[in-house]
Amino acid sequence: MAKSIRTPGARVRGLGAAGEGTGHFLLQRMTAASNILLILFFIGLVVALAGEDYLTVVAILERPLVAIPFLLAIVSVTLHMRVGMQVIIEDYVHTEGLKILAVIGNNFFAAAIALAAVFSILKISFGG
Amino acid sequence: MATPALEQKRPLSPHLSVFRPIITMVMSIVHRITGAALYFGTLLLVVWLVAAASGPEAFETVHGLYGSILGRIVLALYTWTLIHHMLGGIRHLIWDFQLAMDPPNASRLAWATIIGSVTLTILIWIAAYIVM
């Protein structure tokens, strides 16, 4: 086997070519695990709210014990979808410039979704 | 980077289309498609939340849209997509512990994913209709 040209330090840190190591993978799996719990909560919430009128929906969403897990769900889901879509882009978009644009667009979209949802929940919670 | 003409003409090795579809392969593809669909499906959630934060009129408009026949069909598909991707994810988490990786068990898990997602989706909608 050919002798590796990587320095011992780089090999020990195991960060790989992108310099990020397994961070991306771990974020994917960690948010996958938190998503399970938070999405179960979310489905229960939506089922409970089905068909309810505005005042009832707002009265339930503004409760801290509803708003807090809902906010956690938003953070977990948007992180997960950002990482997941990046993998899809890197798999299928091979033109370098287009790939970078798509990855940037992915970040913009995930950030916009996260912020719009967080703002709305907080506004309802703070009595908006 | 421009691809040279010669490189574009190179024959590709046989790809997805030459294989007989098997359940693990189909579930793998569906997992990715449902993931991508959920990505854009978050818009449904955000529109609903922003409407609720905007006031009664905006909320009633969105409520009417989501409650229509077409809206319910979209939401039912969204529910299945979400559940299916979640069960597919649990399958991947099981594999992360190197469990059920042999072909018979992997196939069983794959069947459990699709059967489970359809069953749970129906149960969730029955629950929603009972609550309503």
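In helix 4 of chain A, Val77(A), Met81(A), Gly84(A), Met85(A) and Ile88(A) meet Arg32(B), Gly35(B), Ala36(B), Leu38(B), Tyr39(B) and Thr42(B) of helix 2 of chain B. Contact here means C-beta atoms, placed from the backbone, within 7 Å. Helices (H or I, at least four residues) and strands (E, at least two) are DSSP runs, numbered from the N terminus.

Keep in mind that this is a predicted model: local features need pLDDT of at least 70, side-chain atom pairs count only at pLDDT 80 or more, and totals for chains, interfaces and linings use all residues. Residues are numbered from 1 along each chain as its sequence is written, while chains are lettered from A and ligands numbered from 1 in the order in which they are written.

**Helix packing between the chains**
- Helix 4 (residues 64-92) of chain A packs on helix 2 (residues 23-54) of chain B at an angle of about 130°, with the axes 10 Å apart.
- That makes the pair oblique, the class left over once angles under 35 degrees (roughly parallel), over 145 (roughly antiparallel) and 65 to 115 (roughly perpendicular) are taken out.
- Axes are lines fitted to C-alpha atoms, for helices over the stretch in contact, and angles run from 0 to 180 degrees between N-to-C directions.

**Thr78(A)**
- Thr78(A) sits in helix 4 of chain A.
- Thr78(A) counts as buried because 22 C-beta neighbours lie inside 10 Å; the cut-offs are 20 or more other C-beta atoms within 10 Å for buried, 12 or fewer for exposed, and partly exposed in between.
- Leaving aside residues up to four places away in sequence, Thr78(A) touches Ala110(A), Ile113(A) and Ala114(A).
- Ala114(A) is 36 residues from Thr78(A) along the chain, yet their C-alpha atoms are 6.0 Å apart.

**His85(B)**
- UniProt's unreviewed entry lists His85(B) under "binding site"; its positions are given in the numbering used here, feature names are shortened, and annotations may be inferred rather than shown by experiment.
- His85(B) lies in helix 4 (residues 69-96) of chain B, and is buried, with 27 C-beta neighbours inside 10 Å.
- Beyond residues up to four places away in sequence, His85(B) touches His31(B), Thr34(B), Gly35(B) and Leu38(B).

**Chain B overall**
- Chain B has five helices and zero strands.
- Buried residues make up 23% of its 132 residues.
- The C-alpha atoms of chain B fill a box of roughly 60 × 45 × 25 Å along the principal axes.

Definitions and conventions. Contact = placed C-beta atoms within 7 Å.
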